[in-house]
Each structure stands twice: as structure tokens, then as C-alpha cells.
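Reader: I have a chain open here and want to go through it with you. Can we start with one of the helices?
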Amino acid sequence: MTTHEYDVAVVGAGTGGCYAAATVASAGYDVVIVERKTADEAGHIACGDALKGANNFPEEIPKSKLEPAFTNTAVDHGRFEAPEQGVELDIPVPGELAVIDRLKYGKLIIEGAREAGTEFHYDTVVKTLTQDDTGRVTGFEGVRRGEPVSYEAEMVIDGAGALSILQDKGDFSGATMDTNVRFSQFSSAYREVVEVEEPVEWHDALVFKPTKRSAGYLWYFPRTPTEINVGLGFQMSEEPMKLVGDLREDLQQRPEFKNAKVKDKLGAALPTRRTYDSGTAPGYIAVGDAAAHVNPISGGGIAGAAYSGKYAGEQCIEAIEHEDYSEESLWEYNSRVMDHFGGRYAALDVYNIFSTAYEISDLTALAGAIPGRQISEALYSGSSGVNPLLAVKTLWKARNHLGTMYDLYRTKGLADRLLEHYESYPDSPAGFDAWRSQRDSIMDDIYAETGAEAKY
Ligand SMILES: Cc1cc2nc3c(=O)[nH]c(=O)nc-3n(C[C@H](O)[C@H](O)[C@H](O)COP(=O)(O)OP(=O)(O)OC[C@H]3O[C@@H](n4cnc5c(N)ncnc54)[C@H](O)[C@@H]3O)c2cc1C
């Protein structure tokens with residue numbers, strides 16, 4: 001078996017892996033990214049192609065490097081459509097938003113990591129982590145073109161995406177690493193990139209729709225006025241959808257998609273759950289989808305992967321400099337993730353939990369009654385302020401749904417309580433168990449109040 005040695009070994013050439021490796025390489029350490037795909041196929045990721053917040057992306061691979069992949073920067077709002085309920089709602093999206101050529105973006109981040117000094121080993125499927133007698137992760141083993149290979153490293157970064165196989169194989173019994181992970185907390189999603197004959201009228205909007213069957217969602221995201229990313233997904237706790245067939249059926253009903261040509265198709269799972277309580281174990285850090293760094297409502301995970309990659313890279317450098325690979329030494333990584341977005345995503349997940357206890361038709365009708373600005377504030381700023389004029393208008397429009405509206409209001413109170421608890425995320429592993437058991441008791445209140453089944 002061939003053995004490779006590095007300071008840091010990263011699994012996965014996605015956004016999380018590339019930002020992590022670029023951070024480590026920029027500081028002069030030896031780092032490799034091990035990727036199962038070929039060099040040609042690497043960077044080809046199933047995605048809706050909507051990129052939010054690129055203006056503040058980590059400098060290790062700066063926005064200027066990614067910009068050639070931004071094919072539509074005119075998008076400034078979301079459009080929620082539920083034709084059967086007569087709902088069409090425009091929701092402003094604050095901040096910078098682009099729809100991108102995702103393959104080009106994937107190639108550019110790989111180029112950015114390589115320019116920083118990262119080595120890439122393609123065609124290599126990682127099969128298992130290696131750990132010493134104390135449980136510390138010391139590397140991993142895999143297969144390259146039929147030949148076994150192994151990697152030894154001071155630190156391993158898991159950027160292998162949703163439902164990372166490394167976590168199935170690792171023994172995390174003595175670590176804080178979150179192992180409360182089930183399929184039902186993920187969505188299964190599929191997308192096509194299609195070329196239409198005429199520019200679409202909604203080329204400045206991200207269009208969302210509930211699906212007819214199951215509690216799923218559909219999207220049309222315009223990469224250009226004539227090249228559209230169309231896709232759909234459903235939470236795996238719900239009855240499965242026929243993803244390809246249901247998408248075809250929807251597109252056939254829209255005149256814009258007549259004679260549309262399919263240019264690319266791909267499907268994958270994505271974590272529509274709260275961020276992992278901890279993404280660390282001795283010698284090991286999980287980033288991006290491998291630690292559920294995804295907004296559980298919008299499904300946007302590129303930004304979370306980029307930031308957690310940077311934070312993980314910085315934490316590895318510190319661990320190497322202090323020759324301390326323990327969880328105490330890596331803990332700041334968890335604190336930074338929770339502080340930046342983990343707490344907010346956990347609070348947003350409360351609305352997912354709420355939605356499983358209601359009929360989808362009630363929820364779409366209710367959504368149609370709430371002004372887009374209020375939805376935008378709830379989604380993007382976590383604002384709890386209430387504009388009295390908007391509140392009165394909302395109550396009037398929602399007068400037929402006041403019961404659901406009241407339940408939603410109470411749910412918001414619970415989401416705010418949860419967010420407040422995440423603000424006291426412990427600053428060392430010592431306080432972790434107590435923090436988690438208090439969080440679990442807030443979750444029990446949320447299940448009791450919403451009548452929803454426990455998600456975790
Ligand atoms: C259909 C769909 C639509 C989405 N739409 C959006 C959107 O519009 N906007 C947005 O921001 N986010 C979106 N997301 C989420 C976003 O794509 C992810 O959050 C993001 O790509 C996560 O990056 P990552 O680096 O963690 O993982 P990934 O990008 O998944 O990268 C993981 C890499 O690891 C490699 N790998 C996996 N296992 C192994 C192994 N055993 N050995 C070696 N290599 C391995 C994979 O080949 C891959 O290259 C969507 C996701 C899906 C599925």
C-alpha cells in the first residue's frame with residue numbers, strides 16, 4: 001500500500017475542502033485534497049447555483065477569483081408561487097446574490113486552492129478513517145484505481161459532503177462530534193440545467209414553488225435569461241417523490257419550458273437540519289455539508305462551506321503550531337461556526353419542524369398572506385422587530401388562517417428562545433454536555449408546542 005504524509009489531509013474538492021486547504025497552504029503547510037472524482041469531473045456538483053454573500057467570502061480564495069463564474073448578477077428577489085392557492089409573492093433578498101455557472105465555479109475554487117499550494121489527488125475514494133489507541137484521527141485509507149492507498153496527517157479535514165462516509169466509519173464514541181444524524185434530517189434533491197428558446201420574464205428572480213405531491217419544493221433559478229437551473233427536492237422524512245418524473249410534469253405545464261433542451265442533470269442529498277452540535281474529534285474537523293452548514297430553509301450551503309473551511313484551516317494551523325490535536329485545542333472552530341451561522345440555522349430549522357405538523361395548503365395560503373418584506377427579514381436578518389403597519393396588513397390578509405398564524409407566532413417565540421440559547425454555546429468542551437441537555441429541553445418544548453414528531 002502506498003502511504004502519503006502531509007501536515008493536513010483534506011477529503012473532498014468541494015467548497016469546504018478547497019477553502020480549508022487554501023487556508024492551510026497559504027500559511028506554508030503541506031496539504032493535500034483527496035477527491036474521488038477524476039480531474040475532469042471534480043467541481044461538478046448538484047446545486048441550484050444560487051450564490052449568496054460572495055462579497056464577504058474568505059480572502060483565501062477571493063471573490064475576484066470566482067467572478068468569472070457569475071453568469072447572472074441581476075437577481076434581487078425570490079418569487080414564491082403557489083398557483084393552486086392563487087399565491088404569487090415577491091420576497092426581497094438583501095445583500096449580494098448571483099446565479100452562477102456551477103461547474104466553472106467548482107473549477108475556479110480548485111484552481112484557487114492549487115495556486116495557494118494545495119496538492120490534489122484525484123480518482124481516490126476514501127473508505128475509512130485511521131485512529132490511534134486514544135481515538136485520535138491520524139489519517140485515512142482509500143482506493144485509487146483499484147490500488148489501496150493511505151494518508152497520514154497531523155490533522156484530517158472532512159469535506160466529503162452530505163452523509164460523509166468518513167463519519168460512518170470513524171469511532172467518535174469518546175469525542176463530542178455529532179453522531180445524532182439520520183437520513184430523515186436530509187433532503188433528496190435533483191436538478192437539470194435547461195436552455196429555453198426565449199428569455200424568461202422572471203430572469204431577475206429565484207422562483208420557488210411547493211410541489212403537488214409530497215411536501216416538496218421546486219425551483220427555477222435563471223443562470224442567464226435563457227439558461228435555467230430547474231430542480232426539486234423533498235425532506236426524506238416525507239413520502240418519497242419521483243424526482244425526475246415530477247420535474248418533467250411541472251415543466252410541461254409551463255409555456256416558457258416548451259422545447260427546452262436539457263444540458264446537464266445531477267442529484268444529491270443535502271442536510272436540511274440544524275448544524276452539527278460539534279464538528280470536531282481529536283485530530284479531525286468536519287466542514288460544509290459534512291457538518292450540516294446549510295441554511296435549512298433555503299438549502300443554501302456554499303457560503304457555510306466556504307467559511308467553515310476557512311475556520312477549520314485556521315484551527316488546524318493552530319493545532320499544529322501547538323502540537324495539540326485534542327478537542328480542547330480545536331474547540332474554537334465550533335464556537336466560530338455557531339457564532340457565525342450555526343445558531344441562526346438551528347432557529348430556522350424550528351420552522352421546518354413546525355411545517356411538518358401542518359397541511360402544506362394551509363402553509364402556502366398563510367405564506368401568501370404575509371408581506372414579502374417580513375419573510376425576508378425573518379430569513380436573512382433574524383429580526384424580531386415588528387412593523388405595526390405590516391402587522392395589521394398581515395392580520396387582515398391572514399384572517400382566514402388566524403389559528404395557524406397564532407401557532408406560527410408562538411413558534412417564533414420558541415425559535416427566538418433557541419437562538420438565545422445558542423448565544424451561550426460553551427467556549428470549551430467542558431460545558432458542552434450541560435449546554436446540549438438544556439438545548440434538548442427547549443427542543444422538547446418545541447415538539448410539544450407544534451405537535452411535530454421529534455426530528456433529532
Ligand atoms: C440539488 C441541490 C441544490 C442546491 N442548491 C444550492 C444553491 O442554490 N445554493 C447554495 O448555496 N447551496 C445549494 N446547495 C447546497 C450546496 O451545494 C452544498 O451546501 C455545498 O456544495 C457544500 O459544499 P461541500 O464542500 O461541503 O460539499 P460538496 O460540494 O458536496 O463536495 C464534497 C466533495 O467530496 C467528494 N467526496 C465525497 N465522498 C468522498 C470520498 N469518500 N472520497 C473522496 N472524495 C469524496 C465529492 O466527490 C465532492 O467533490 C444545493 C445542494 C443540492 C444537492
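Reader: What covers the buried residues of H3?
Author: This is a predicted model. The cover over the buried residues of H3 includes H1, strand E2 (31-34), helix H2 (63-66) and strand E7 (97-100).

Reader: And which residues of H3 are buried?
Author: Arg102, Tyr105, Gly106, Leu108, Ile109, Ile110, Ala113 and Ala116.

Reader: How far apart are the end C-alpha atoms of H3?
Author: They are 21 Å apart. Helix H3 covers residues 102-116, so at 1.5 Å a residue its 15 residues should span 21 Å, and the two values agree.

Reader: Switching to the ligand. Which residues come nearest?
Author: There are 38 residues around the ligand, and Gly12, Gly14, Gly48, Gly288 and Gly301 come nearest.

Reader: Which helix or strand gives the most to that shell?
Author: H1, with three residues. Elements that supply at least two each include strand E9 (124-131), strand E12 (186-195) and helix H6 (302-322).

Reader: How does the shell divide into nonpolar, polar and charged?
Author: It has 19 nonpolar residues, 13 polar and six charged.

Reader: Why does the ligand lie between the two domains?
Author: Because domain 1 (2-69 + 100-180 + 273-341) and domain 2 (184-271) both give residues to the shell around it.

Reader: Last one, the whole chain. How many helices and strands?
Author: The chain has 12 helices and 18 strands. Of its 456 residues, 45% are buried.

Notes: Residues numbered from 1 in each chain as written. Predicted model: local features only at pLDDT ≥ 70, side-chain atom pairs only at ≥ 80, totals over all residues. Near = placed C-beta within 6 Å. Helix = DSSP H or I, 4+ residues; strand = E, 2+ residues; numbered from the N terminus. Nonpolar A, V, L, I, M, F, W, Y, C, P; charged D, E, K, R; others polar. Domains from an automatic or database assignment. Expected span 1.5 Å × (residues − 1). Buried ≥ 20, exposed ≤ 12 C-beta atoms within 10 Å, placed from the backbone. Contact = placed C-beta atoms within 7 Å.
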